[in-house]
Amino acid sequence: MAPKTDEMLEQLLRLGEDSLTEFKSVVHRNFQIDADDIAKAIVSMANTKGGLVLIGVEDDGTVSGTGDRKQTDTLMMQVSQLCQDRIEPPLICALQKREHQGQTLLQVEVPAFSPSRPHRAGRIYYVRDGNRSREAKREELVRMLQSTDAYFDEQEMTGATVEDLDTEAVRAFFTSVYPRQISEQNIVPHLTALKCLERTGVPTVAGILMFGKEPTRWLLDARISAVRVQGTTVSSTFLDRQEMEGRLLDQIDQASAFIQRNIAAPSHVEGMLRVADGLPVEVIREAILNAVTHRDYKPASQIRINIFDDRIEILNPGNLLNHLTLENIRQGGISQKRNPILASLLAKAQRRENLGFGVPDMVRVLGEKGFKEPTIELVAGHFKLVLWTTRATS
């Protein structure tokens, strides 16, 4: 959530301290930090929603600086050290030197979510409350301990900026979703409202996956690997293969096209019309959508599509959430979202299943067409869906 432009930094300094921003002066301490005070500020933000500690800034937002280069480097080393020595469990924060009106300041970026929280400074657990840090209450500590499964897709993509989003992809999405045109000056506020951008202009994981210029630059395995295998068993002989990268909507289109060109497409004539007898296209898209929407984007593993002579296997990373079972999925009506922001965005694009009824709908459509019921199972931390391309009566 760090400000990436001078304009954003200027705005933060002008608006002053809040729950996400804290100023710390060192000019009156001979450019030395109060380690306990800095640790307290960092811990309070780490236990809340992250934030920025700007060292070398007065309470009124005036940048008084961190001294010369050597003094600033020393401060940076001290902050890095206190994050390990004075914070328990230790925390890693991004440190960056910034220049403003001829003065240097040190920007400490506290992550919005830490899997090790709650953190404490000394023996005290702090939280951020408005523009102050205070000791956490017991119920707040309990909530922190229960929130370790915070949604990954709403976390900021550290190091990315709004410039890493594809403007044309954003415009195309808004054009397809909203009946009235979104003006240029309202695009950023809309992206923020959709949780694709933090208020400081840093894209979230969902923002990068939906609109990023190069999503796999930030999330290497946010892709689909597809192969057409000869025969009905695993083989090293591939008749076709493709890596689908890029934005999720593009991956969905590419994967659907790959499957359609690699399975049989029989048909028959009824009167003056030719009727398709192959696997329904809507089932293929539904299966890919489910995988893209519900996969776990944290592990170093991509979605895999294996096409055999008699079936299509789709494997996406991630075990079932909480109390969800394979039987729940077969019956439908119970939907737990691993990626609620992505699910919402894909729903707005009208390209995903509705209310968790994806698998039952697939079963119904396939049954009407005479195909076997899909097989679902868990395999080594992956959800596996098998679509049979042969008919139940064949």
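**Reading the model step by step**

Q: Where does Gln 32 lie?
A: Helices (H or I, at least four residues) and strands (E, at least two) are DSSP runs, numbered from the N terminus. Gln 32 lies in the loop between strand E1 (21-24) and helix H2 (35-46). This is a predicted model, in which local features need pLDDT of at least 70 and side-chain atom pairs count only at pLDDT 80 or more, while totals for chains, interfaces and linings use all residues. Residues are numbered from 1 along each chain as its sequence is written, and side-chain values use heavy atoms, with hydrogens and water left out.

Q: Which residues is Gln 32 in contact with, leaving aside its neighbours within four places in sequence?
A: Contact means heavy atoms within 4.5 Å, and by that rule Gln 32 is in contact with Val 26, Leu 75 and Gln 78, once its neighbours within four places in sequence are left aside. With Gln 78 there is also a polar contact of 3.5 Å between the two side chains; the term stands for a pair of N or O atoms within 3.5 Å, where within protein one must be able to donate a hydrogen and the other to accept it, and residues adjacent in sequence count only if both atoms are side-chain atoms.

Q: Is Gln 32 buried, exposed or partly exposed?
A: Buried means under 20% relative accessible area, exposed over 50%, and partly exposed in between (1.4 Å probe, protein chains only). Gln 32, with a relative accessible area of 37%, is partly exposed.

Q: In what order do the four strands of the open sheet stand?
A: Strands of a sheet pair through backbone hydrogen bonds, either parallel or antiparallel, and two strands are taken to pair if DSSP finds at least two bridges between them. Here the order is E1-E2-E5-E4, and the pairing is mixed. E1 and strand E4 (94-100) stand at the edges, each with a single partner strand, so one side of each is left without a neighbour in the sheet. E1 and strand E2 (residues 51-55) run parallel and are joined by four bridges, with Lys 24 opposite Ile 55 in E2.

Q: Which strands does H2 touch?
A: Axes are lines fitted to C-alpha atoms, for helices over the stretch in contact, and angles run from 0 to 180 degrees between N-to-C directions. H2 packs on the sheet and touches E1, E2 and E5, its direction making about 160° with that of E2. Helix H1 (residues 6-15) lies across E1, E2, E4 and strand E5 (103-110), and runs at about 90° to E4.

Q: Why is H10 described as largely enclosed by the rest of the structure?
A: Of the 14 residues of H10, 10 are buried, so this helix is largely enclosed by the rest of the structure. Among the buried ones are Val 283, Glu 286, Leu 289 and Asn 290.

Q: How many disulfides does the structure hold?
A: A disulfide is a pair of cysteine sulfur atoms within 2.5 Å, and the structure holds zero of them. Cys 83 is in no disulfide, and the nearest cysteine sulfur, that of Cys 93, is 4.0 Å away. Cys 83 is buried, with a relative accessible area of 3%.

Q: Which residue takes a positive phi in the hairpin of E7 and E8?
A: Strand E7 (residues 126-129) and strand E8 (residues 132-135) pair in the antiparallel sense over four bridges. The hairpin has two residues between the strands, and Gly 130 takes a positive phi near 65° there.
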